[in-house]
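Welcome! Here is a friendly briefing to read alongside the sequence and the 3D view.

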Amino acid sequence: MNALPLLSLIIFVPWAGAVLLACLPRLGAPASRALALGFSLSTLALTLAALGSFDPATTGYQFVERHDWIRALHVHYHLGLDGLSLLLVLLTGLLSPLCLLASWRTVAEARFFGLLFLLLQGAALGVFLALDFFHWFIFWELSLIPAYFLIRLWGGPGAARAGYQFVIYTIGGSAFLLLGFAAIFAATGSLDFVELSSLGATGALGGKLASLGGIWPQAVFLGVFLGFAVKVPLFPFHTWLPATYAEAPTGVSMFLTGVMSKMGVYGFIRVLWPLFPGPLHAAAGPLLWFALGGVVLGAFAAMRQTDLKRMIAYSSVNHLSYCLLALFAVSVATGSSRPASEAAAAALSGTLLQVFNHGISAAALFYCAGVLESRAGGRRGLNDFGGVRSAAPVFAGLCGIALFASLGLPGLNGFVGEFLIFRGVWGLAPWAAAVACLGLFATAWFLLTFWQRVFHGPRAGAAAGPFADLSGLDFAVLVPLVALMFLLGVLPHLLTGLFNPLITSWANHLVLP
Amino acid sequence: MIDAAHLWLIPALPLLAAGIGALTPRSGRRLASGAAIAAMAGAFLLSCLALQRALADPAAHLYANFTWFELGDGAVRLGWLLDPLNAFMCVMVTFVSLLIFIFSLGYMKEDANFKQFFCFLSLFAAAMLGVIVANSLLLLFISWELVGVASYLLIGFWFHKPAAAAAAKKAFLTTRIGDLGFLLGLVWLYDATGSLLLFDGGHGVLESGVLGDLATQVLASGLAVPTAISLLIFCGAAGKSGQFPLHVWLPDAMEGPTPVSALIHAATMVAAGVFLVARVFPLFAADQVLAAGPLHALTVVAAIGAITALLGAVIAVAQDDLKRVLAFSTVSQLGYMMLALGVGSWVGAIFHLLTHAFFKALLFLGAGSVIHAAHHEQDIRRLGGLSRSMRTTFVTFAVGMMALAGVPFVFSGFWSKEAILHAASEWDVSHLPFYATLIGVVLTAFYMTRLLCEVFRGAPRSPAAAHAHESPRVMTIPLAVLAIGAVALGFLGTPVWPWLQSRLTGTPIPARPLLEGGGLMGLSIVLVALGLGAGWALYGRRVRLTATAPDPLAAAAPRTWAFLGDRMKFDSLYAATLVRLNAFVAALADFLDRRVWGSAVGFLARFAEFTGVVNSEFDDGALNGGFNAASEDIRRTGRAYSRAQTGETHGYLRTLAIAFVALALLVLLGGVR
Amino acid sequence: MSPLQFCLIFSGVLFSVGLAGALARSNAILVLLGIELMLNAANLNFIAFWRYGPASAPATGVIFVIFSIAVTAAETAVGLALVIAIHRHQRSIRLQEATRLKG
């Protein structure tokens, strides 16, 4: 037990900031921006403090806080941090201030924006740290509300519809999730992820669910699966994503793709996989095809987009599908006779690296699209630009780095994760790796097309007239992201060191109950 | 004395220069170019030291491995390798790059993005050197991809030209197709052996123990695992080295500045594929022990090499662009190298690679000098007569041309091509590659003669050519140095004194008397003479008079000429098939997304709405209906009663009085007590 | 005629006069006066029954009457206040016109 409730602080300091902003209705825009940024930065500071005393060699949870909450329902207030959560909290801490900075100038009603954003940030952090379904689900759902208003109030012309679609679709998924956990609670009397994982590892969970009735184990698995699949999103549950990402304001798009899409992947790894190793193994064969669909069709669909933000949104579908591909491949191979712990370790490490790296590169790309959009007065079509590199060489350089990071250029962050995923998936399900190569190729194709149309050639479209290069604010957002791309591309052990023992222990215990 | 552990300095120096170049402002031309050239010179010196160290013990593979990051119970490890193969490549690459850098000082002088150019050049050189000194296929792949991106930046350097931007994209994507094969080969190899280190104290993938294990694994289809892995890796090599059918990017890449063409197409990037196969040659040869295997990796390599050698030479005959001729000649020469690898003579391939690097860099830089002088006129029909105005360029270009054509005894190309012919003639699988090389020899001599005659002989056929004058010293001195190399290098590997071969293999190779394979050598001399003679007869004796006059061959066979001029329509073929297929899949994916998945979700939403409507109707009709009726009754009653409240006080009083009287009467008369 | 009968007849007359006044007048103050008369008739009855009644408990009637007078005073005050309020609203205290609170 830590004397200081560090994890609670991580979650609730942003919320405290939101409350403070709510209590100061007459605060001016600059002051409220600064206040929101300060509270948003607290996550990074606190996470770094946690990092200082975090012991990567321990595979269990650290900084655990566990208090009785609702005795009648066996609900505990239970927070804990392991390598996986630490990675995601770190990502949130890094990205959130940048997202706020990205909306620094462009957003009207800065106080309300900051308030909603801090609410969103706290909720996302809660999802990554909560270990009891009860408040985990509260955080999970609570993140939707500020996200909806952020999209709705500051988004583009189609934002009303997109936000509505986003919320309804996601809540639809969550409803199944909630039902699934209601059944789990009925069968086991517990909502604690740790307890449930140990039940899942021994197979007792399936047995208890079966006691409710014949079809329940499958139904519960399906419900929980749907909840996460919509959130990630897994192909073909992704149709809400392009419209939402495209219509949201830039800073929010960055957060949505950088952090919120990771909530789904986190759910897969933290909840679905440990709780239902058996059913997931049984379903993983077909699910591999879904993930491949996301990898390949996501990339090809991106090729057809003329809206830059939609294109980047589809590339997010593609990139996140790699994570699920690796997870499903691990699941397919679970319990097989062939010893595959090395490949599984590679696949899982690749997944976690990809989660982090995609957050960084996609956020940078969305910001670049936002820069183009703001310079072009709201236009962001592929054909609205030309020769931007002549007009704004520095911007072109930084955007190019983000782009190559996104297509997995070695030396930048994206490569290591993708390489490990391919290495792992090849060892577990070779044909899937071979098919996924198509996605890699298509990604390179459409990203280079984007680059060629917008940046190369003679100056045209919105770049024909005066086109300002990056401002100091733009530098403040892009330079940290680009620096991270280089840093993590060259020194991936900065991240893998945090979770490698955890991954190793997972990979060495791949047995079916 | 330099050791393998210090080898990282060789790529690190140009990388540092690239970093400096990236961070200096646009006006820092001298700083960027100075840093690049100084770093390259430093790398060259280090490479010479490394070569000295490697030659001290040519049979040894010195390596220094280190852990990149921990993974599971193991770790991902990388390393540096030093042996004669690496060291020779390093020296060649740094030396040729240095000359090209110096040449660029003059060639790019007027470009606005001068400092950026040197930044990219340094990045490119760093990546290429990384490929060479890597002791891990993973590190090699990382550098390999960086070579790809640096070449992308360089080919598209004049990005405001749409053609250059398109060519850069095409180069990157075409090589990426190969690279994906390479990546799969890599992960397969990693999975099968648990390591990607080339040499690692007995556990490296090129060491006999691991290869022996690997060779015993056979796939269900009968294909040996090392064969499959080798072929996948060969995809990468074919992409980078412009082998059929992935050669299409290479001619387009001429859109880059000419020093870039020299760097990419002569010394470095295209040589990377050949180097890769030579580097992992034991892996490619591992399946040779399986006599029953359906396919040997090296057979495929030889076949692809032969096709490419022939194809490139044939197409080069009908090109009218100065740089395109050289580009297809590069394709053809790379085919020779691959063929040499395929027939088992990796030493011959490397020998040709080294000599080719010199004379092809020379030719490209010579072409650059011509283009620079003729104000970016590259069409050989519009040049001509430059031998008088550009004497140094002419002489050095002629040296390069004769080296490429394989003019006997003096020029390096003769000796290295001879080694390849010799190896091909001794290959016992098939003689077809050998015949292909023989045809290639004639064609090479022919099209190079044509090129030389068209560009330098006769009278200038355009104002630009007429006003051309010799390039500055900073450009001609590198030409002269390369010309010396193009002659001298050949003597390192003659059959009489096979110094290079014995150093590369680490085992002494007995010298053969010059006349032992005399028949073959005589044949090759005759073929070269035939090609030169035919070229002279068609283009030298009767020089072209006007830019529009038809080519003698075009007049003879116009359709074939047009077909070849259109590069055998490969680009059209790919545009009609692959690009269209790609667009189709993209459209399909988009359609699925918008129509099918979108509609499915839309249908669910409609269904939910429908359920909602039904539900609300039921609620309104049945449940709420009864409740509403009851409420309405109560309201009506209330309304009726409220009518009694007239608000007239007298009315109330009257009612009171009447009620009082009535009450009193009731009490009195009814006897209520 | 016994004193009790006399008192009852007197109070009956008084009551009738009050009732007639309350019903017949339209001025709200006069109606209030009528009501006061009726109350006083009732008070008179209390005193009469206490004084001449069969089982006279000590001081019961007087207490009743004092209580009643106090309540009446309060009620009259409220009544007059209402009258003033009505007067303010419609510049008249004719009861026929004060019908706004009808149901």
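Two residues are in contact if their C-beta atoms, placed from the backbone, lie within 7 Å. With that idea in hand, take the contacts in chain A with a separation of 6 or more: residues 24 or more positions apart account for 81% of them. Please keep in mind that this is a predicted model.

**Chain A as a whole**

- Chain A contains 21 helices and four strands.
- Its radius of gyration is 22 Å, close to the 24 Å that the globule rule gives for 513 residues, so chain A is as compact as a globular protein of that length.
- Along the principal axes, the C-alpha atoms of chain A fill a box of roughly 70 × 55 × 40 Å.
- Buried residues make up 64% of the 513 residues of chain A.

**How the chains meet**

- Which chains have the most contacts, among the two pairs that touch? The answer is chains A and B.
- Here, 44 residues of chain A are in contact with 40 residues of chain B.
- On the chain A side, at least two residues each come from α13 (277–304), α15 (341–375), α16 (388–391), α18 (413–428), α19 (430–455) and α21 (493–508).
- Of these, α19(A) gives the most to the side that touches chain B, with nine residues.
- Sorted by class, the side of chain A that touches chain B has 25 nonpolar, 15 polar and four charged residues.
- Chain B also touches chain C, with 11 residues of chain B in contact with 11 residues of chain C.
- Helix α27 (residues 649–670) of chain B supplies the largest share of the side of chain B that touches chain C, namely five residues.
- That side of chain B divides into two nonpolar, six polar and three charged residues.
- Chain A and chain C are joined by no contact, and their closest C-alpha atoms lie 43 Å apart.

**A helix in chain B**

- Find helix α1 (residues 9–23) of chain B: its 15 residues reach 21 Å from the first C-alpha to the last, close to the 21 Å expected at 1.5 Å a residue.
- An α-helix has 3.6 residues a turn, so residues three or four places apart point the same way.
- The buried residues of α1(B) include B:I10, B:L13, B:A17 and B:I20.
- What do the buried residues of α1(B) pack against? Their partners are α2 (29–56), α3 (84–107) and α4 (114–133) of chain B.

**A hairpin in chain B**

- Strand β1 (residues 62–71) and strand β2 (residues 74–82) of chain B run antiparallel and are joined by nine bridges.
- Two residues sit between β1(B) and β2(B) in this hairpin, and B:G72 in the turn has a positive phi of about 60°.
- To trace the pairing, look for B:T67, whose bridge partner in β2(B) is B:R77.
- Another place to look is B:Y63, which stands opposite B:L81 in β2(B).

**One residue up close: A:L256**

- A:L256 belongs to helix α12 (residues 250–275) of chain A.
- Is A:L256 buried or exposed? It counts as buried because it has 25 C-beta neighbours inside 10 Å, and the cut-off for buried is 20 or more.
- Setting aside neighbours within four places in sequence, A:L256 is in contact with A:A147, A:T244, A:Y245, A:A248 and A:S261.
- A:R161 is 95 residues from A:L256 along the chain, and their C-alpha atoms are separated by 17 Å.

**Backbone details to look for**

- Most residues other than glycine have a negative phi, and most peptide bonds are trans.
- A:F235 and A:P236 are joined by a cis peptide bond, with omega about -5°. A:P236 lies in the loop between α10 (216–231) and α11 (240–247) of chain A.
- In chain B, a cis peptide bond joins B:F244 and B:P245, with omega about 0°. B:P245 is found in the loop between α8 (225–240) and α9 (249–252) of chain B.
- A:H74 is a residue other than glycine with a positive phi, near 55°. A:H74 is in the loop between β1 (62–70) and β2 (75–81) of chain A, and it is partly exposed, with 17 other C-beta atoms within 10 Å.
- C:R91, also a residue other than glycine, has a positive phi near 50°. Its place is in the segment after α3 (60–90) of chain C, and with 8 C-beta neighbours inside 10 Å, C:R91 counts as exposed.

How values were computed:
Residues are numbered from 1 along each chain as its sequence is written. Chains are lettered from A and ligands numbered from 1 in the order in which they are written. This is a predicted model: local features need pLDDT of at least 70, side-chain atom pairs count only at pLDDT 80 or more; totals for chains, interfaces and linings use all residues. Ala, Val, Leu, Ile, Met, Phe, Trp, Tyr, Cys and Pro count as nonpolar, Asp, Glu, Lys and Arg as charged, and the others, Gly among them, as polar. The radius of gyration is taken over C-alpha atoms; the globule rule is 2.2 Å times the number of residues to the power 0.38. A residue is buried if 20 or more other C-beta atoms lie within 10 Å of its own, exposed if 12 or fewer, and partly exposed in between; C-beta atoms are placed from the backbone. The expected span of a helix is 1.5 Å times one less than its number of residues. Two strands pair if DSSP finds at least two bridges between them.
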